[in-house]
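Dear colleague,

I am passing on a structure for you to look through, and below it I have written out what was found. Please keep it open beside this message while you read.

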Amino acid sequence: MSTITFDRVAHAFGERRVLRNIDLSLTEHRIGIVGANGSGKSTLARMINGLVTPSRGSVTVDGLDVAKKAREVRRLVGFIFTNPDNQIVMPTVQEDIAFTLRRRGLSAAEIAERSTAALHRFGLAEHADHPAHLLSGGQKQLLALAAVLVAEPQVLVADEPTTLLDARNARRIGDLMHSMSQQVIVVTHQFALLEGFDRVIVIEHGEVVADGSPEDSLDHYRALLA
Amino acid sequence: MIGLYSPGRSWVHRAPTLLKLFMLSIGVVVIGLLQQPGQLAVAAPVVVALFAIARVPPRTAVGQIAPILWMLLIVVPIQGLLAGWLVAGLMAGKLIIAVALAALFTLTTTVTAVLEAFQRMLRPFGRWIDADRIGLLVALTIRCIPLVAEIVTEVLEARRARGTRGSLMALAVPVVVRSLYAADALGEALVARGLDD
């Protein structure tokens, strides 16, 4: 597994401080991040991919500083957003998966082979030539996952990947995340998604207020919500 | 272009995109120059044969041409009264055949193939033009059409639900704001997928 380190990280959007003094070392296979809306958990997740650069402190992935080596870090870290509509770039399903690989300098045959394999893995083979925008919400999120994982990142960060999905599709995405060999970091409000995770971190007002097993952390979070 | 591709393995599908684009250009020019109904009567079966070779389902093919029939319902009578019915008939025939040829290109060519063809065409100008960026720009433009259409539909529904049916502001403001948010999110997703290098 990769080692992701937050070293005295703080961040503010203008006057609004969203993260304060975060010190973390993430080495487990499956890590969950929970917290109320506006607690700073999505900002924390975005920092792992370099989408947000900390105002203070540093974030590293396997020793690579995300602020200085963003390109290299993004090859290691894939990112899934809440709304899959916002990450589909190409008009058809297979083209969108292939789009990720086209930037990697692979041959056309290799791109076709890998994108076809991804289509089969994520159950999208029968939709290969279908317009991506006509897929169901669950299929779109599967496509978003396929388009990221086809590049074989070492780490997958997902920001509320099941929020817009019905229970069946949410479970499907959850099962996929449990079956992945990659290190998975999931921001979520849905506790069921975190069953069997190795570690859950609770963020409140930009600070880590609980960090441990899913049972202990979620008990702490439930107490905060009560 | 938005999801019109009709998958297949015919030689029309497999023909090089640039060749298809070139043949389409030549075909449209030649159709435009035809002056006799007899010439159109020869061209039309050729186009039908191309659709048959490409194994495009008849319903799909008709679906591509049907929208211009509405326009012809208005234009042909006007043209007939002003310039004569022969000219109006020729104009309608030429338009239908030209649109059918363009539709055949769209139905048998993926967006990726079109982008790659554009990139190949622009490569000699690489010193001045970033062909990959132009390709990405075209892809995003095509992709954003259904995205914005969906936003407009949702805003129209919300407008109806709130009883502000006649208000243009109640349509324009949320559509623009949501489109800007969507553009921002799409940009962030492109960065996350490594498109900022």
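The crossing of helix 3 of chain A and helix 5 of chain A is right-handed. Please bear in mind throughout that this is a predicted model. In chain A, helix 3 covers residues 93–102 and helix 5 covers residues 137–149, and the two pack at an angle of about 30°, with their axes 7 Å apart. Since angles under 35 degrees count as roughly parallel, helix 3 of chain A and helix 5 of chain A are therefore roughly parallel to each other.

Helix 6 of chain B (residues 111–122) and helix 7 of chain B (residues 131–161) pack at an angle of about 150°, and their axes are 9 Å apart. That angle makes helix 6 of chain B roughly antiparallel to helix 7 of chain B, because the term is used for angles over 145 degrees. Helix 6 of chain B passes helix 7 of chain B in a right-handed crossing. The residues that make the contact include L115(B) and F118(B) from helix 6 of chain B, and I134(B), V138(B) and I142(B) from helix 7 of chain B. By class, the contact has nine nonpolar, two polar and one charged residues.

The two chains also touch each other, and the contact takes 26 residues from chain B and 25 residues from chain A. On the side of chain B, the elements that give two or more residues are helix 6, helix 7 and helix 8 (169–192), and the largest share, eight residues, comes from helix 8 of chain B. This side of chain B has 18 nonpolar, four polar and four charged residues.

Finally, there are two backbone angles to check. Most residues other than glycine have a negative phi. R8(A), however, has a positive phi, near 45°, and this residue lies in strand 1 (residues 4–13) of chain A. R8(A) is exposed, with 12 other C-beta atoms within 10 Å. The phi of R55(B) is also positive, near 55°, and R55(B) is found in the loop between helix 3 (37–53) and helix 4 (58–83) of chain B. With 14 C-beta neighbours inside 10 Å, R55(B) counts as partly exposed.

With best wishes

Methods
Residues are numbered from 1 along each chain as its sequence is written. Chains are lettered from A and ligands numbered from 1 in the order in which they are written. This is a predicted model: local features need pLDDT of at least 70, side-chain atom pairs count only at pLDDT 80 or more; totals for chains, interfaces and linings use all residues. Axes are lines fitted to C-alpha atoms, for helices over the stretch in contact, and angles run from 0 to 180 degrees between N-to-C directions. Helices (H or I, at least four residues) and strands (E, at least two) are DSSP runs, numbered from the N terminus. Angles under 35 degrees count as roughly parallel, over 145 as roughly antiparallel, 65 to 115 as roughly perpendicular and the rest as oblique. A crossing is left-handed if the near helix is turned anticlockwise from the far one by less than a right angle, and right-handed if clockwise. Two residues are in contact if their C-beta atoms, placed from the backbone, lie within 7 Å. Ala, Val, Leu, Ile, Met, Phe, Trp, Tyr, Cys and Pro count as nonpolar, Asp, Glu, Lys and Arg as charged, and the others, Gly among them, as polar. A residue is buried if 20 or more other C-beta atoms lie within 10 Å of its own, exposed if 12 or fewer, and partly exposed in between; C-beta atoms are placed from the backbone.
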